[in-house]
Amino acid sequence: MAIDFSSLYDIPKEFDHAWERMLRFSPLFKQRSEYPLANIMEHENGYDIDVSIPGVDPADLALEISERNISISGERKSQEGNYYRQERGYGSFQRVFSLNVPIDRERAEAEFKDGILKVHLPKAAASLPRKISIASKEA
């Protein structure tokens, strides 16, 4: 007789769903869900960050870069209306990301298009790999 334990793999997911349902009407859950979603890709020479911020005016965004951190903050302004359903939150937000290596802040670039903030952060030259030649000493 074989026992199937595959349903045990669903337990953590079910706990997450139950926790989310309990917190749905809590101010803590609302605050968490208003964070803009981000993707961070690391490449050999730097990082590319895409942040989804639809409905935000680029003038309402601030971007601060330190040696190993990037902070993206802003505000999504509320729109008056008689909503049947309103899922997109409004208000102030801030995301802070810590990076593995120092960033060359002088060469950082940012662009906002179609509700996506794209940030390119080159790695500092001191943190890039360096090839070293090996001298051969024959006896």
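A contact means heavy atoms within 4.5 Å. This is a predicted model: local features need pLDDT of at least 70, side-chain atom pairs count only at pLDDT 80 or more, and totals for chains, interfaces and linings use all residues. Residues are numbered from 1 along each chain as its sequence is written, and side-chain values use heavy atoms, without hydrogens and water.

**Exercise 1. Describe the fold of the chain.**

Step 1. Take the DSSP runs: helices are H or I with at least four residues, strands are E with at least two, numbered from the N terminus. The chain has 2 helices and 7 strands.
Step 2. Check contact range. Among contacts between residues at least 6 apart in sequence, 51% join residues at least 24 apart.

**Exercise 2. Locate the largest nonpolar core.**

Step 1. Count buried residues (under 20% relative accessible area, 1.4 Å probe, protein chains only). They make up 22% of the 139 residues.
Step 2. Join buried Ala, Val, Leu, Ile, Met, Phe, Trp, Tyr and Cys through side-chain atoms within 4.5 Å. The largest such core holds 16 residues, and I53, I70 and L121 have the most contacts inside it.
Step 3. Assign strands. β2 (46–52), β4 (69–76), β5 (91–98) and β7 (116–122) each supply at least two residues of this core.
Step 4. Inspect I70. Leaving out residues up to four places away in sequence, I70 touches I49, L63, E64, I65, R95, V96, F97, V119 and L121.

Notes: Buried means under 20% relative accessible area, exposed over 50%, partly exposed in between (1.4 Å probe, protein chains only).
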